[in-house]
Amino acid sequence: MRASLQRHFYVAQRATALLLAPLVVVHLVLIMIAVKNGLTADEILSRTRGNVLWAVFYGLFVVAAAVHAPLGVRNVLREWTPLSQQLVDAFCVFLFLLLLLAGLRAVVAVY
Amino acid sequence: MTNKISVSIWRGKSDGEYQTYEVELRENQTVLDIVTEVQRQHEPSLAYRFACRVGVCGSCAMTVNGVPRWTCRTHVNQVTKNNSLTIGPLRNLPVIKDLVVDMKPFFKKWQTAGASFTGGKTRHDPVATISSESPGRKAADAGIECINCAVCYSACDVVGWDDSYAGPAALNRIWTLVNDERQVNKRAVLDAAFADGGCGSCHSQGNCTRHCPVELSPSESIAALKRSAFMGLPKTGAVESNKIDTGADRES
Amino acid sequence: MNPLRSHKSYLAFVGHRLSGVALALFLPLHFLLLGTAINDADALQRALAFTDHPLVKVAEWGLVVLLTVHLLFGLRILALEMTSWPSRYDNRTSWVIPALVISLLAGVIFWLQS
């Protein structure tokens, strides 16, 4: 049980990494284009409002990042802080939910 | 004029301190020779461990100028800096006294990680024929010959950070078992490699491979174990390919 | 300098980890900021106003560099774990410096654009 859980965590983190890699490249290119002439709400929203493609793109991004980040943070807290495993796991579940909910809310907000 | 070298050696347990000795430099002198000379000439109570003196037994590993090394095969002139040498006990293991560490955690984790061979045959069965050309044999070949010196265990930061981490040597051994055609129930061996403190804890810092005195690459073995989470068990070579390679079919 | 911590693959580890922690801290804020647009665009515009501050500009630049660092060092990890190594000892340390250079270039482009 314990063994398979750790393997699932490992596979989940690497699988989301594989997914995030191309998404991050697109996001970086978009940032470079978007910052020209400053960031304005109108410019961001004109791109995303009613655009299903961007909604799916960032929806995927949010889900993948919400899985990927807490698993990484879990390792950091385990190794670099004296926090107990239960506390670390509880925090990572919280971070997962925060990223997932706040992220999906953001995707909905700009859609 | 005799050439001398300033040698700082750890004395005491974990709350000990370095003491400095002036030791004569000689031709073809190893770090272990230096330690022996200090013990014989300067500090009879100095505790250190060695047996074979030729790089086979794996018992003389120490931290030399901040790096874990097999001291019997490390020449003084390779590692001396500014005519001085700092010799301490291995990192990541409890210090018993001076240069002697307690190797128990190292071997204990080796066992709990399941890094020991289990065969399915008895002495009455014929000896298994393993082709030297089979992928399993080649992969295992790259990882065997470990002398259990704990240099990799001492070099690894993750071992120091995560008490549950099995360490490079045990995981490297698991990779050789997974590639051994004679090993039974490899699926369980692989599952154990993914338990808490298993291969998933490795961050590929590569200190194990950089410092392994017998030039194994535990870092590569662990990466291969991780890969098997996606790719499944590695192919070890089918029975039909277990012909003895006579070289007859090789292009000249 | 600790000799066990002053080499390229260790640098890649530290770069990957610290950039990851920074991104994990930034991401909730990023999402909450964009989430302000849920009611009206003006709320997002008001929230975005603070991005004109020079210090925020520097932070943004840093995040672009860190995201690129995390991406490229992450690709190195994936290469190490998903593909067989060129040799037993080649843990692709030759990627480390180019990854840092590319990340800084991404930062330069961001700086020129903004």
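For these notes I call a residue buried if 20 or more other C-beta atoms lie within 10 Å of its own, and exposed if 12 or fewer do.

**Entry 1: confidence**

I am working from a predicted model, and I began with what the predictor says of its own result. For the complex I noted an ipTM of 0.93 and a pTM of 0.92. I then looked at chain C, where the mean pLDDT is 92 and 100% of the residues reach 70 or more. Within chain C, helix α1 (residues 8–35) has the highest confidence, at a mean of 96, and helix α2 (residues 41–48) has the lowest, at 83.

**Entry 2: helix α1 of chain B**

I checked the length of helix α1 (residues 31–42) of chain B against expectation: at 1.5 Å a residue its 12 residues should span 16 Å, and I find that the end C-alpha atoms are 16 Å apart, which agrees. I next asked which residues of α1(B) are buried. They are B:V31, B:L32, B:I34, B:V35 and B:V38. Viewed down the axis of α1(B), these buried residues fall within an arc of 160 degrees, so I take them to line one face of the helix. The spacing recalls a general rule, that an α-helix has 3.6 residues a turn, so residues three or four places apart point the same way.

On the face of α1(B) turned away from the buried side I found the exposed residues B:R40 and B:Q41. I also looked up what the buried residues of α1(B) pack against, and the list holds the strands β1 (4–11), β2 (17–24), β3, β4 and β5 (84–88) together with helix α2 (76–79), each of them in chain B.

**Entry 3: the two domains of chain B**

The domain assignment of chain B gives domain 1 as 4–101 and domain 2 as 104–239. I noted that the centres of these two domains, taken over C-alpha atoms, are separated by 30 Å. Across the boundary, 15 residues of domain 1 are in contact with 14 residues of domain 2. On the domain 1 side, the elements that give two or more residues are β3 (61–64) and β4 (67–70) of chain B, and β4(B) gives the most, with four residues. Sorted by class, that side of domain 1 has eight nonpolar, four polar and three charged residues.

**Entry 4: what chain C touches**

I took the contact between chains A and C, in which 29 residues of chain A meet 30 residues of chain C. On the chain A side, α1 (2–34), α2 (41–48), α3 (52–80) and α4 (85–110) are the elements that give two or more residues, with the largest share, nine residues, coming from α4(A). By class I recorded 22 nonpolar, three polar and four charged residues on this side of chain A.

I then turned to chain B, of which 17 residues are in contact with 15 residues of chain C. Here α9 (207–211) and α10 (218–231) of chain B each supply at least two residues, and α10(B) gives the most, with five. The residues on this side of chain B divide into four nonpolar, nine polar and four charged.

Is A:S46 buried or exposed? I count 12 other C-beta atoms within 10 Å, so A:S46 is exposed. It lies in helix α2 of chain A, and its C-alpha atom is separated by 9.1 Å from that of A:V110, which stands 64 residues apart from A:S46 along the chain.

A:V93, in helix α4 of chain A, also has 12 C-beta neighbours inside 10 Å and therefore counts as exposed.

**Entry 5: positive phi in chain B**

Where does B:A150 lie? I place B:A150 in the loop between α4 (135–143) and α5 (151–155) of chain B. Its phi is near 70 degrees, a positive value in a residue other than glycine, and with 26 C-beta neighbours inside 10 Å B:A150 counts as buried.

B:S204, in the loop between α8 (186–193) and α9 of chain B, has a positive phi of about 55 degrees although it is not a glycine. I find B:S204 buried, with 23 other C-beta atoms within 10 Å. Helix α9, which ends that loop, is one of the elements that supply residues to the side of chain B that touches chain C.

How values were computed
Residues numbered from 1 in each chain as written. Chains lettered and ligands numbered in written order. Predicted model: local features only at pLDDT ≥ 70, side-chain atom pairs only at ≥ 80, totals over all residues. pLDDT = per-residue confidence, 0-100. Domains from an automatic or database assignment. Contact = placed C-beta atoms within 7 Å. Nonpolar A, V, L, I, M, F, W, Y, C, P; charged D, E, K, R; others polar. Expected span 1.5 Å × (residues − 1). Arc of directions from axis to C-beta.
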